[in-house]
Amino acid sequence: MEAIGKDVKRLKPGDIVAVDPALSCGRCDQCKNGREHTCLNQKFLGCPGQIEGCLSEYIVMPEHNCSPVPKNVNAEQAALIEPLSIGYYASQFLNGKKNIETIGILGAGPIGLSVLLSIRTMGHNKIFVTDKLDYRLLAAQKAGATWTANPEKHNVPAIVKDKSSRLLDVVFECCGKQEALDQAIDILKPGGTLLIVGIPGVDRVTFDISKIRRKEIAIQNVRRQNNSVQPAIDLTGSGKWLPDFMITHRFTAEKTQEAFETVANYEDNVIKAVIKF
Ligand SMILES: [Zn+2]
């Protein structure tokens with residue numbers, strides 16, 4: 001934080017802040033009812049036509065989107081607050097559900113891993129994680145996954161059935177893939193809940209209506225996060241979760257292109273790359 005506007009109260013120059021890239025209007029029906037994450041006039045940092053990107057030394061953001069972090073949270077950890085807040089928010093959908101024992105997470109990228117860290121802090125310890133990249137499964141194991149499987153190498157439904165004969169209570173879909181949505185339905189128990197966290201790259205996905213009807217599967221979409229930045233900062237500062245392992249690569253601003261290509265192509269066992277200015 002280099003400088004602040006004259007009406008800014010809770011920030012001061014020199015603060016390290018976690019930035020929420022979603023700007024809400026504060027005036028629409030959704031905002032007024034506490035649902036800023038589904039604001040009807042939302043603009044997103046880095047989206048062409050909304051708010052142009054932040055690959056620059058300085059950007060100007062509203063105070064509302066900047067959360068100062070305590071001294072024991074460093075700048076790299078502050079950069080992780082965005083995915084962590086989404087993982088925290090998604091995990092809050094478990095609250096109020098009874099007898100949740102077995103949980104699946106499909107996709108062990110930064111969002112899936114953030115969900116994993118969050119549900120571990122809630123005490124869940126029967127967690128099944130899948131990903132097509134073995135190195136990410138290894139990261140998930142270190143972060144507390146109970147079982148892991150690679151759907152390209154293993155028969156995931158058979159393994160789930162072996163570990164949990166009644167199948168899974170809840171599945172977090174965190175990769176936005178049709179095949180993962182299909183697999184989620186296969187490994188959920190009747191009456192189970194599918195939480196769709198991943199963002200599909202296509203406009204439409206499909207479900208086997210016979211399967212989801214017979215199992216009476218509940219489907220809940222999860223849109224980014226709401227009111228979860230501060231809890232994510234608090235959990236990071238307290239050491240109740242340890243997210244540092246997600247940052248596998250660091251690039252200078254001059255190497256920005258290489259950073260994007262590394263992540264887009266899943267090169268060199270990358271999970272999360274940061275660009276340092
Ligand atoms: Zn709004």
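**Charges, loops and domains**

Reply: Lysine 6 is exposed, with a relative accessible area of 78%; buried stands for under 20% relative accessible area, exposed for over 50%, and partly exposed for what lies in between (1.4 Å probe, protein chains only). This is a predicted model, in which local features need pLDDT of at least 70 and side-chain atom pairs count only at pLDDT 80 or more, while totals for chains, interfaces and linings use all residues. Residues are numbered from 1 along each chain as its sequence is written, and side-chain values use heavy atoms, with hydrogens and water left out.

Me: Which side chain meets lysine 6 in a salt bridge?
Reply: That of aspartate 7, with 3.8 Å from N to O. A salt bridge here is a side-chain nitrogen of Lys or Arg within 4 Å of a carboxyl oxygen of Asp or Glu. Aspartate 7 is exposed as well, at a relative accessible area of 54%.

Me: How many salt bridges are there by this rule?
Reply: The count comes to 13 salt bridges.

Me: What does glutamate 76 pair with?
Reply: Glutamate 76 forms a salt bridge with arginine 250, and their closest N and O atoms are 2.6 Å apart. Glutamate 76 belongs to helix α2 (residues 75-91) and arginine 250 to strand β11 (residues 247-252), so the pair ties together parts 174 residues apart in sequence. Helices (H or I, at least four residues) and strands (E, at least two) are DSSP runs, numbered from the N terminus.

Me: Is glutamate 76 buried or exposed?
Reply: Glutamate 76 is buried, with a relative accessible area of 18%, whereas arginine 250 counts as partly exposed at 46%.

Me: And which residue does lysine 189 bridge to?
Reply: To aspartate 169, the closest N and O atoms being 2.8 Å apart. Lysine 189 sits in strand β9 (residues 188-196) and aspartate 169 in strand β8 (residues 168-173), so far as sequence goes 20 residues apart, and the pair links distant parts of the chain. Both lysine 189 and aspartate 169 are buried. Salt bridges with shared partners join Glu101, Arg166, Asp169 and Lys189 into one network.

Me: Turning to backbone angles, what is phi of asparagine 227?
Reply: Phi of asparagine 227 is near 55°, a positive value in a residue other than glycine. Most residues other than glycine have a negative phi. Asparagine 227 is placed in the loop between β10 (218-221) and α8 (229-238) and is exposed, with a relative accessible area of 65%.

Me: What about phi of aspartate 268?
Reply: Aspartate 268 has a positive phi of about 55°, although it is not a glycine. Its place is in the loop between α9 (256-264) and β12 (272-276), and aspartate 268 is exposed at 61% relative accessibility.

Me: Where is valine 229 found?
Reply: Valine 229 is found in helix α8 and counts as buried at 13% relative accessibility. From C-alpha to C-alpha, valine 229 and glutamine 141 are 25 Å apart in space, and they are 88 residues apart in sequence.

Me: Finally, which domains does the assignment give?
Reply: For the protein chain it gives domain 1 (1-68), domain 2 (90-221) and domain 3 (243-277); the bounds come from an automatic or database domain assignment. The C-alpha centres of domain 1 and domain 3 lie 24 Å apart.
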